[in-house]
Amino acid sequence: MNFLEERIVKDGIVKEGNVLKVDSFLNHQMDIELFDQMGAEWKKRFAGKPINKILTIEASGIGIACVAAQHFHVPVVFAKKSKSINLDGEMYVAEVESFTHRCKNNVIVSQKFLGAQDHVLIIDDFLANGCALQGLIQIVQSAGATVEGIGIAVEKGFQSGGRSIRNLGYQLESLAIIESMDAETKEIHFRKQ
Ligand code: 5GP
């Protein structure tokens, strides 16, 4: 097991409905040293890519992306969730359905902070059905920028997002891929990487 898998086994809580709670170290209280290790690992996995910007989505992606960015020495832009429908024309917009909250949000990024010159690493905490990622990819495409890679902390490999994103040809690097988890027995199995 790698460092993140070990931490998930130690502190993750498997909930009903295929939800893994990791709020003691990832998305409520945050273990910055763990994030730093994650950043170092992505830096290795994306070595040689001309990344000049990191894109994530609020809220849980921001902390991870900021710590990871210290390994890449690039700025972080986060897509904001917005309920507003009359957005002015200076935003890239994508619609994202939330797996955990079961609602739809527009996510927006200002055109000032993403453009055709950008080579983007997308970072997020979880990959489930891939909705959040598809929205971020759509935003990068609207900007005419290039997706150089995607870094995910926890992929739920039994949901369809990872397969669809890899089938589109993106380099997707998930640091822990869960094959199965059981709310009753608390057992978690990871895909060998
Ligand atoms: P997707 O769009 O891939 O279906 O879901 C990704 C988003 O849903 C992530 O940004 C994350 O916030 C949330 N998410 C999905 N599954 C889980 C889960 O099992 N646990 C937690 N904590 N968040 C999840």
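I call a residue buried under 20% relative accessible area, exposed over 50%, and partly exposed in between (1.4 Å probe, protein chains only). The accessible areas come from the Shrake-Rupley method with that 1.4 Å probe, and for residues only the protein chains shown count as cover. First case: Asn-18 has 37% relative accessibility, so I log Asn-18 as partly exposed.

Ground rules for the notebook: this is a predicted model, where local features need pLDDT of at least 70, side-chain atom pairs count only at pLDDT 80 or more, and totals for chains, interfaces and linings use all residues. I number residues from 1 along each chain as its sequence is written, and side-chain values use heavy atoms, with hydrogens and water left out.

I stayed with Asn-18 for the backbone check. Asn-18 has a positive phi of about 60° although it is not a glycine. Its place is the loop between β1 (13-15) and β2. For element names I use DSSP runs, numbered from the N terminus: helices are H or I with at least four residues, strands are E with at least two.

His-73 also turned up, with a positive phi near 55° in a residue other than glycine. I found His-73 in the loop between α3 and β4. His-73 counts as exposed because its relative accessibility is 70%.

Then I looked at omega. The peptide bond from Glu-58 to Ala-59 is cis, with omega near 0°. Ala-59 lies in the loop between β3 (53-57) and α3.

**Entry: salt bridges**

How many salt bridges does the structure hold? I get eleven, taking a salt bridge as a side-chain nitrogen of Lys or Arg within 4 Å of a carboxyl oxygen of Asp or Glu. Side chains of opposite charge can pair when their charged atoms come close.

I began with Arg-7, which forms a salt bridge with Asp-11, the closest N and O atoms being 2.7 Å apart. Both residues lie in helix α1 (residues 3-11), four residues apart, which is about one turn of the helix. Is Arg-7 buried or exposed? Arg-7 counts as buried because its relative accessibility is 19%, whereas Asp-11 is partly exposed at 24%.

Arg-7 has another partner: its side chain meets that of Asp-31 in a salt bridge (2.6 Å, N to O). This pair links distant parts of the chain, with Arg-7 in helix α1 and Asp-31 in the loop between β2 (19-21) and α2 (32-45), 24 residues apart. I have Asp-31 as partly exposed, at 21% relative accessibility.

Lys-44 is exposed, with a relative accessible area of 61%. I also noted a network: salt bridges that share partners join Arg-7, Lys-10, Asp-11 and Asp-31.

**Entry: negative patch**

Which residues form the negative surface patch? I wrote down Glu-16, Asp-182, Glu-184 and Glu-187. Patch residues have over 30% relative accessible area and no salt bridge; like charges are joined within 9 Å, and nonpolar side chains (Val, Leu, Ile, Met, Phe, Trp, Tyr) within 5 Å. Lys and Arg count as positive and Asp and Glu as negative, while His and the chain ends are not counted. The charge is placed at NZ of Lys, CZ of Arg, CG of Asp or CD of Glu.

I looked up Asp-182 and found it in the loop between β9 (172-181) and β10 (188-190). Asp-182 is partly exposed, with a relative accessible area of 33%.

**Entry: nonpolar core**

The largest nonpolar core has 33 residues; such a core is a set of buried Ala, Val, Leu, Ile, Met, Phe, Trp, Tyr and Cys residues joined through side-chain atoms within 4.5 Å. The residues with the most contacts inside it include Leu-4, Ile-8, Trp-42 and Val-154. Elements giving two or more residues to this core are α1, α2, α3 (60-72), β7 (119-127), β8 (146-156), β9 and β10. Helix α3 gives the most, with six residues.

Phe-46 sits in the loop between α2 and β3, and it counts as buried at 2% relative accessibility. Its C-alpha is 16 Å from that of Phe-35, eleven residues apart along the chain.

Val-76 is in strand β4 (residues 76-82) and counts as partly exposed at 26% relative accessibility. Val-76 and Leu-121 are 45 residues apart in sequence, and I get 9.5 Å between their C-alpha atoms.
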